[in-house]
Structures are given as structure tokens and as C-alpha cells.
Amino acid sequence: MHIMEGFLPLEHALGWSVAATPFLAYGLHAVRRDIRQHPERRMLLGVAAAFSFLLSALKLPSVTGSSSHPTGVGLGALLFGPWVMVPIAFVVLLFQALLLAHGGLTTLGANLFAMGIVGPFVAHGLFRLLRLFGLPWIGAVFLGACLGNLATYLTTSLQLAWAFPDPVGGAAGSLAKFAGIFALTQIPLAISEGLLTVLVVKALRRYHPDELSQMRLFPATGGRA
């Protein structure tokens, strides 16, 4: 998913950075507010950050010659909301660009928009919608994390298609090519991330029920809640 250093045209790199900046600014405010109001959640926040860093650092080869990886942002988005995950994803992507040559500084804004903004908002919004319609939390967590992952890769495909339109088919033709390349490996990875997120939430509900019970999305630890 990470667009590599220098790959995007300058105007696209700058444009995505500008688009992501307001989300990052408000996300920092959301993190400070959440820690100030609920200092006991710092450990869970660290778990969400570590989960995202570890999963998104896994570069898995695809059958198409590209590489794919989970994102890990769904867990934090479900626990704390999507705004909190924006600065966390920014730090994750920054460290990976500097230490792992995964992504890049010039493409940081584009990668942040895909993984740190679109992914968490889709995961969180879908989870809340499914819970509103009565789906048990296991199914809602799985679908939220899974489709949040796929939304990240669809956004990356859109970014690349916009930057590099097909000579014949234009941006639509380019989107079909990029999305097709990602889909072959990303769909099973998204399913795997959804299942792993369910396992982590189950463990948190078992060992930290009091902390989870204070969160709006997980108000109780039994039954369908």
C-alpha cells in the first residue's frame, strides 16, 4: 500500500499533504483530549499503535510482483474513534519511511490519507452502522477491520490512477489496473486482518473488561455487546 519515495508527481504529493494536514491537526487535539480525560487508556492506546506499526510493517510479496500488507488501523479506530488514529498512523508511517524504507517522506501525505484517514473512518463508521442494525460485535469488528483495510488499498489505487492515467482508458482504466493488482493479494490479507482484530478485541474484553466497558462502542462484556 505504501507509495514509495519520489513516485508521485510533485503536485500530487503536495496536494495529498495539504489534504491530510487538517485531519492530522484535529487528530492531535483528539489524542490530547482523550488522554487528559481518560489517562487510564494510555496502555490501550499504546497497544493500538503497536498493533498498527507491526502489521503495516509486514511487506508480503504478491503473485503480481508487487507487495501488500495489513494496516492495523482498524483496532484503534474501533476503540478510540478514527480521529485518534490519524496522528498514530502519521507516526507509524514516518518511522517506517525513515527506518524501514517503507513508503517515503514525499509520499507521506498520500499514504497518511489512505491508511490513516480513509481506513480508520471506514472501519469506525461501518462498525457503528452494523452495531446500530444489531449485528453482534464479533461480526461488526471483523467487517469493520476487513473493509477498512480494503478501503485503504482502494484509496491508494485511486491516488495512483489519478497521478498516472492510462493513455487509452484514462484514470478509470488505470484504476482498474491498479485495483486489480492489489485485489489479488489484499482481499485475503484484509480477511486475515479482520480475524486477527477480532482475536485481539476478544483478549482485551477478557483481560481488560473495565477499560473497554467505559468506551461507547464496547459498553459491556457479555452477550452481543
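## Residues 13–31 and the other listed regions

Residues 13–31 are 100% helix and 0% strand. Helices here are DSSP runs of H or I with at least four residues, strands are runs of E with at least two, and both are numbered from the N terminus. This is a predicted model, where local features need pLDDT of at least 70, side-chain atom pairs count only at pLDDT 80 or more, and totals for chains, interfaces and linings use all residues. Residues are numbered from 1 along each chain as its sequence is written, and side-chain values use heavy atoms, with hydrogens and water left out.

In an unreviewed entry, UniProt lists "transmembrane region" for residues 13–31, 43–60, 80–101, 108–127 and 133–154. Its positions follow the numbering used here, feature names are shortened, and annotations may be inferred rather than shown by experiment. Residues 80–101 are 86% helix and 0% strand. Their end C-alpha atoms are 29 Å apart.

## Leucine 45

Leucine 45 sits in helix α2, which covers residues 42–56. Is leucine 45 buried or exposed? Leucine 45 is buried, because its relative accessible area is 13% (buried is under 20%, exposed over 50%, partly exposed in between, with a 1.4 Å probe and protein chains only).

Beyond its neighbours within four places in sequence, leucine 45 contacts Val31, Ile35, Phe80, Val84 and Ile88. Contact means heavy atoms within 4.5 Å.

## Serine 174

Serine 174 belongs to helix α7, residues 170–207. Serine 174 is buried, with a relative accessible area of 4%. Setting aside neighbours within four places in sequence, serine 174 touches Leu160, Ala161, Phe164, Pro165 and Asp166.
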